[in-house]
Amino acid sequence: MKTNPNKLWIFVFALGWLFDFLFWQNKPGINFAIFSAACLVAAFYLLLSDGLRPNRFSLILLPLFGFFAAVIFIRAEPMTTFLAYTFTLLTMTILAVTYLGGRWILYTFIDYLGKSPAIIWEHDRCPDHFYSRCPQGTNGSRRCTL
């Protein structure tokens, strides 16, 4: 995105159009799995085209994402679909946070509960300070590895 920042906007508008197309006057089902997969593909494309390769331990989350996204339209019980939606979004969140570091296996449940609000608060309060603590790569980009 450093060489072509408009690439991000193209994907944002494409995902916005896809969301409107899939969810307008439709109940969530297979369209949620399609949209989630499209968001994941777009994120991987943007990050890989910027030279940011995922850690191999982060890639373990992809089959989990696929499983939970598939359960959404395979099972119809309310509790199962609620848990499938929740775990699909949770898997995507963990993948986004630990994309470069891949240390999500070392975290405990208390780490997720305790550190997540602090990271969100610090990121919202002063994003420049948040990214200034990230080590600078050889090409000048900042890489935050959690």
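Q25 is found in the loop between helix 1 (6–23) and helix 2, where helices (H or I, at least four residues) and strands (E, at least two) are DSSP runs numbered from the N terminus. This is a predicted model, in which local features need pLDDT of at least 70 and side-chain atom pairs count only at pLDDT 80 or more, while totals for chains, interfaces and linings use all residues. Residues are numbered from 1 along each chain as its sequence is written, and side-chain values use heavy atoms, with hydrogens and water left out.

**The protein as a whole**

- The secondary structure of the protein comes to 6 helices and 0 strands, so that, read from the N terminus on, its elements run α-α-α-α-α-α.
- Of the 146 residues of the protein, 27% count as buried, a word used here for under 20% relative accessible area, with exposed for over 50% and partly exposed for values in between (1.4 Å probe, protein chains only).
- The accessible surface of the protein comes to about 10100 Å² by the Shrake-Rupley method with a 1.4 Å probe, and 69% of this surface belongs to carbon and sulfur atoms.
- If one takes the contacts (heavy atoms within 4.5 Å) between residues at least 6 apart in sequence, 60% of them join residues at least 24 apart.

**Helix 1 with helix 2**

- Two packed helices are described by the angle between their axes and the distance between the axes; the axes are lines fitted to C-alpha atoms over the stretch in contact, and angles run from 0 to 180 degrees between N-to-C directions.
- The axes of helix 1 and helix 2 come within 10 Å and cross at roughly 175 degrees, and the two helices are therefore roughly antiparallel to each other, a label for angles over 145 degrees, just as under 35 counts as roughly parallel, 65 to 115 as roughly perpendicular and the rest as oblique.
- On the side of helix 1 the contact is made by K7, L8, F11, L15, L18, F19, L22 and F23, and on the side of helix 2 its residues include F35, A38, C39 and A42.
- By class, this contact of helix 1 with helix 2 has 15 nonpolar, 2 polar and 1 charged residues, where Ala, Val, Leu, Ile, Met, Phe, Trp, Tyr, Cys and Pro count as nonpolar, Asp, Glu, Lys and Arg as charged, and the others, Gly among them, as polar.

- The axes of helix 2 and helix 3 (residues 61–74) come within 7 Å and cross at roughly 155 degrees, which makes helix 2 roughly antiparallel to helix 3.
- In this pair, I30, F32, A33, S36, A37, L40 and F44 of helix 2 meet L62, F65, A69, I72 and F73 of helix 3, and the residues of the contact divide into 11 nonpolar, 1 polar and no charged.
- Helix 2 (residues 30–49) also packs with helix 4 (residues 78–97), at an angle of about 0 degrees and with the axes 12 Å apart, and that makes these two helices roughly parallel.
- Here F32, S36, C39, L40 and F44 of helix 2 meet Y85, T88, L89, M92 and L95 of helix 4, a contact with 8 nonpolar, 2 polar and no charged residues.

**T88 in helix 4**

- T88 lies in helix 4 and is buried, with a relative accessible area of 0%.
- Not counting residues up to four places away in sequence, T88 touches F32, S36, F65, F68, A69 and I72.
- For F65, 23 residues away from T88 along the chain, the separation of the two C-alpha atoms is 5.6 Å.

**The salt bridge**

- The structure holds 1 salt bridge, a term for a side-chain nitrogen of Lys or Arg within 4 Å of a carboxyl oxygen of Asp or Glu.
- R75 forms this salt bridge with E77, the closest N and O atoms being 3.3 Å apart.
- R75 is partly exposed, with a relative accessible area of 43%, and E77 is likewise partly exposed, with a relative accessible area of 36%.
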